[in-house]
Amino acid sequence: MDKILRVNMTDLTTKVEETPAEWAGLGGRALTSTIVAKEVPPACHALGPNNKLVFAPGLLSGTAASNSGRLSAGAKSPLTGGIKESNVGGTAAQMFARLGIKALIVEGMPQGEGWYALKVGKDGVTIEEERGLLGLGNFAVIEALQSLLGKKTGVIAIGPAGEMRLTAANISVKDPSGKIRSHGRGGLGAVMGSKRIKFIAIDDEGTPGIQLADPEGFKAASRIFTKALMDHPVSGQGLPTYGTNVLVNILHEAGGLPTRNFTHGQFDGHEQICGETMHDTIVARGGKPRHGCHAGCVIQCSQVYHDQEGQYLTSGFEYETIWGLGANCLITELDDIARADNLMDDLGLDSIETAVAFGVAMEAGLLPWGDGKEVVRILREEIGKGTALGRVIGSGAGAVGRTYGVTRVPVVKNQAIPAYDPRSVKGIGITYCTSPMGADHTAGYTIATNILNVGGQVDPLKKEGQVELSRNLQIATAAIDSTGMCIFIAFPALDIPECLPALIGMINARFGANLTGDDVTGLGKSVLKLERAFNLAAGLTSADDRLPEFFHSDPITPHQAVWDFTNEEIDAFWDF
Amino acid sequence: MAPITVTIKLFAHFRTGRFKEADHQFPPGVACRDVILGLGFRLGEMGIVMVNGHHATLDHSLNERDTLALFPLVGGG
Ligand code: SF4
């Protein structure tokens, strides 16, 4: 039976607990959100002793199931004031699962100024005082731990941004090549910093591995599932070749590429930063156009991007980051964006929140539009060194807007709106408004159906069908986020009929369960409702399920689209 | 009737061995389908077809100075 590890940072004690029966069928987001909702007082301060930071691998993590190595982290978010779940690839989820760890719960807060590290292994978890690695960036932390504990050691860490408890701080997880993937959104790095934990090292030596209830059934379902992933043109060819950045040109064409801090829907410099250009640049410089964020990913949307000299510049270079500093800040030099991406990884900053914060800062006149060199300087010299300006930008778009009196601040629940304009892609606007996570495209990725013709077609510029589309996708996503699966399995799942039954078949064969499609939908619904109930108890209301005023008043080119949903139409999302 | 000029934009691997953007002439009212087939594509390869930034069907007929954008089935997130 998998166990729960509990770490109390107030009295520096640890415990290994049996998994309560009601948590046995949960994993990933369903488990972190259930634990946060049950154990965290909703009104607590997110950076105080009563918040808890919970890590949980997905239901299928650690098995041979393709793309199942995602780790969920949950807590009350210091950015949104609501519940947060953020999931990530890397090696940690599979190590946790093989160690039989259902969840790691970190609670309390140390009294003094000391810092700590957690060591997780087959005998449980220990707390050690940490001095040497304080103040260092994530890459240096990973390097030091690899030479100290061995190449295979798992690492979950915060950079200087998390140590400073900035609300754009993320939690970094080591990937198979010793680089970084991130629990990006919602300031979870600040929560880890408030617990004064610099890193968690994981050693999975001497574990028996995962016992499947029905190994043959698992193998059969897994084969069908992997085939569906390989057969679908998006997961089988599109994502591996161009990565997520192929979206720059698509959103530009559709007029949904937020440009110059959300004032236009198209960017003149789109060809300089697009996925096609990036692919050719990567190949010409000897980088890797495809790369997986965890072992067992068959899609491999990630890549390794080199500089002109052929030296490593960054990896996991995503559309949202490239959009955020590119179109949104008018930077056309892909190398500058790559340098900034690498710095954000090293400092431990969410690249969406930080990029949108820079857009607001440019609108405030703090730096010129399009100045990539200045962005790199501010990251290194201001945020990295913790100056007042650096801390304001590192606290996110909302903080920059409030500090400098800017009215065009693209946030929902104080979390930055990512790379799809809700005026011209209306379904995603419903997701931004209603997701308990704040503005988050992954929570209900209507772009699939609004723009990419996956799972049908719903006209992005009309209101009809958007609430229902977002609702169905948010329910499905909440369930998928609980399995440990990467969200990109949704592309084949929406189009290939055998895909979802095979996924459920693997869960059943893993646990000896008898789940049906309805059970999985039921799980998604209950997770969303639980998260919403936490938010309401924390003091959020339906007035927080709204887009900022400027989306109503300022039409966006080229379609002159505005956000025209009524409050009642948005609130109908919750009728389920 | 005089032919119409349509700007065609190709994306992702559709560009390989073809072009990024080019103006082509067609008879007035030509359907997207005929333009696509004329460029040597199979209809099954089409992911997204947009005319002037709006999703269009294969039957959609084109007018003078329209922009036709063709994407293979790709995606991201
Ligand atoms: S498809 Fe991309 S995000 Fe998903 S598991 Fe693979 S590399 Fe990670």
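This briefing covers a helix pair in chain A, a sheet in chain B and a helix of chain A that lies across that sheet. The model is predicted: local features need pLDDT of at least 70, side-chain atom pairs count only at pLDDT 80 or more, and totals for chains, interfaces and linings use all residues. Residues are numbered from 1 along each chain as its sequence is written, chains are lettered from A in the order in which they are written, and side-chain values use heavy atoms, without hydrogens and water.

**Helix pair in chain A**
- Helix H12(A) spans residues 334–347 and helix H14(A) residues 372–383; helices are DSSP runs (H or I, at least four residues), numbered from the N terminus.
- Their axes come within 9 Å and cross at roughly 10 degrees (axes are lines fitted to C-alpha atoms over the stretch in contact; angles run from 0 to 180 degrees between N-to-C directions).
- H12(A) is therefore roughly parallel to H14(A) (angles under 35 degrees).
- Contact means heavy atoms within 4.5 Å. Among the residues that meet are Leu343(A) and Leu347(A) of H12(A), and Val376(A) and Leu379(A) of H14(A).
- The contact residues divide into 7 nonpolar, 1 polar and 4 charged (nonpolar: Ala, Val, Leu, Ile, Met, Phe, Trp, Tyr, Cys, Pro; charged: Asp, Glu, Lys, Arg; polar: the others, Gly among them).

**Sheet in chain B**
- 5 strands (DSSP E runs, at least two residues) form an open, mixed sheet in the order S2-S1-S5-S3-S4.
- S2(B) (21–26) and S4(B) (54–55) are the edge strands, each pairing on one side only; pairing takes at least two DSSP bridges.
- S3(B) (46–51) pairs with S4(B) in the antiparallel sense over 2 bridges. Met50(B) stands opposite His55(B).

**Between the chains**
- Helix H8(A) (247–254) lies across S1(B), S3(B) and S5(B), at about 150 degrees to S5(B).

Methods
Parallel < 35°, antiparallel > 145°, perpendicular 65-115°, else oblique.
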